[in-house]
Amino acid sequence: MLASLSDDGEVQNYVDGSWQKPAGRDSQPVTNPATGERLATIPFSDAADLDTAVDAANEAYDDWRNTAVEDRIQPLFRLKSLLEEHIDELAELLVREHGKTRAEARGELRRGIENVEVACGMPRLQQAGTLANAAPDIDESAVREPLGTFVGITPFNFPAMISLWFLPHAVASGNAFILKPSEQDPLVTQRIFELVDQAGFPDGVVQLLNGGPDTVNEILAHPGIEGVSFVGSTPVARHIYETAAANGKRVQAQGGAKNHVIVTESADLSYAAEKTVSSACACAGERCLSNDVVVVEDSVYDAFADEMVAKMRDQTVGYGLDDGVDIGAIISADHEETIRRYVQSGVDEGAELLVDGRDVTVEGYEDGNFVGPSLFGEVSPEMTIVREEHFGPIVGLVRVEDFDEAVDVVNRSDFGNAASLFTDSGHKASRFKCEVEAGNLGVNVGTAAPMAFFAFGGRKDSFFGDLHAQGSDLVNFYTDKMSYIERWPDQS
């Protein structure tokens, strides 16, 4: 399937410009979640593998940091072209190992390519400013300098896009970069690194290291690593942040989410339901921007619930490579069972199950991991399906008296990743932007996903750190501002 797989079908590391088999003793299979087909085996790296990669990265950094920025971005231009050329192939590979639909896979790759495009603007992004005559006879200037070797630790749900959040900005700003992808779906990342190899980065500047939790803990403690970028669940994000920071590293750790929608009495209910179902069910709900709690003003609650029922029942579950599929497979059998448990918790805690997705069957794919969309009505903010991230196509409707109560429900959440508002009231939209405690806010937008040139926000238990992914935040994270103060006295 991939030229870089070993002869026995094992995923390999990309270290110092060559493909190398990880030396660790642990491994696990990579399977197609829709068919059960075994696609490859991923062996895990050990501490020696990490040492080799870090040594190569730090050696390459010494020359790379002094390479002109216009030369540093040339491999990124080539990588962008290669990603565009192979987008259909990459999308199919992503569907096969992850389970999402072909359209979702292409959308993920398109978002990743946008980040490469933005990083190609590093000659402008890395500028920091100059002021003549800042004091008598003194000129001052500031520059953003790279820092060393950074590591990106990425999740299973967007293996291509999130890898491309971090890699382009890290290397364009003059650092060396090591990627540790999710062990659940590493193949699309391996294929991207085949293209990275073709793009012509110097050996050691960009590397790929496969592994599991032990590999991550080795990364967090390694003295040769300057900083860590992470996306994943909140418990792991908290561990990453605390451990990496305690070891003197820069760290940005995007955690989990529990995103809310507010539907006001003046909203277009059909449109709001359409966008909410799309947000909650896309990628089978396995994404941190899924809006799965909908807070509805009482006067329109019943009508909106009817719209949601109709649209959720219209969702088609199936293999992501087949036409007409809205919801693809769940990443693993274990996670499928987790989603089913969350649906049962809603039933047990007294919510009204309006649509039950647990009995879905996909003909011809009996060995796959599938769950249909589930919709609960009359949900209270104290219920488990409102408080916890379930990462599945489950939506809960919360009835509130008015807009003030709706904002209160949203802000009671421990998470602060995203929220959306559907309304035609500019006053309520203004209040929403000022009062709701989340990092990504959408007004009449189903999924509040920032473009690549804006930071991907997050607050409370959804983010640990100071500087977010994407945009200028990411440039600032990967560099340090240094100030130069110059005086040249008149010697005449």
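A salt bridge, as the term is used here, is a side-chain nitrogen of Lys or Arg within 4 Å of a carboxyl oxygen of Asp or Glu. By that criterion, Asp302 forms a salt bridge with Arg399, and their closest N and O atoms are 3.3 Å apart. This pair links distant parts of the chain, with Asp302 in helix α12 (residues 298-313) and Arg399 in strand β16 (residues 394-400), 97 residues apart. Helices (H or I, at least four residues) and strands (E, at least two) are DSSP runs, numbered from the N terminus.

The model is predicted: local features need pLDDT of at least 70, side-chain atom pairs count only at pLDDT 80 or more, and totals for chains, interfaces and linings use all residues. Residues are numbered from 1 along each chain as its sequence is written, and side-chain values use heavy atoms, with hydrogens and water left out.

I continue with the salt bridges. The whole structure contains 27 of them. Another one joins Glu10 to Lys21, with the closest N and O atoms 3.2 Å apart. Glu10 lies in the segment before β1 and Lys21 in the loop between β2 and β3 (27-31), so this pair ties together parts that are 11 residues apart in sequence. Is Glu10 buried or exposed? Glu10 is buried, at a relative accessible area of 14%, whereas Lys21 is partly exposed at 49%. Here buried means under 20% relative accessible area, exposed means over 50%, and partly exposed lies in between (1.4 Å probe, protein chains only).

Within helix α16 (residues 426-435), Arg431 and Glu435 are 4 residues apart, about one turn of the helix. They too form a salt bridge, the closest N and O atoms being 2.8 Å apart. An α-helix has 3.6 residues a turn, so residues three or four places apart point the same way. Finally, Lys80, Glu84, Arg110 and Glu117 are linked in a network of salt bridges.

I turn to strand β7. All 5 of the 5 residues of β7 (residues 149-153) are buried, so the strand is largely enclosed by the rest of the structure. Thr149, Val151 and Ile153 cover one side, and Phe150 and Gly152 the other. In a regular strand the side chains alternate between the two faces of the sheet.

Next, helix α8. Of the 13 residues of α8, 11 are buried, so this helix is also largely enclosed by the rest of the structure. Among them are Arg191 and Glu194. Just after α8, Gly200 takes a positive phi of about 90°.

Two further residues deserve mention for their backbone. Most residues other than glycine have a negative phi. Asp16 sits in the loop between β1 (13-15) and β2 (18-20) and is partly exposed at 38% relative accessibility. Ala284 lies in the loop between α11 (269-281) and β13 (291-297) and is buried at 1%.
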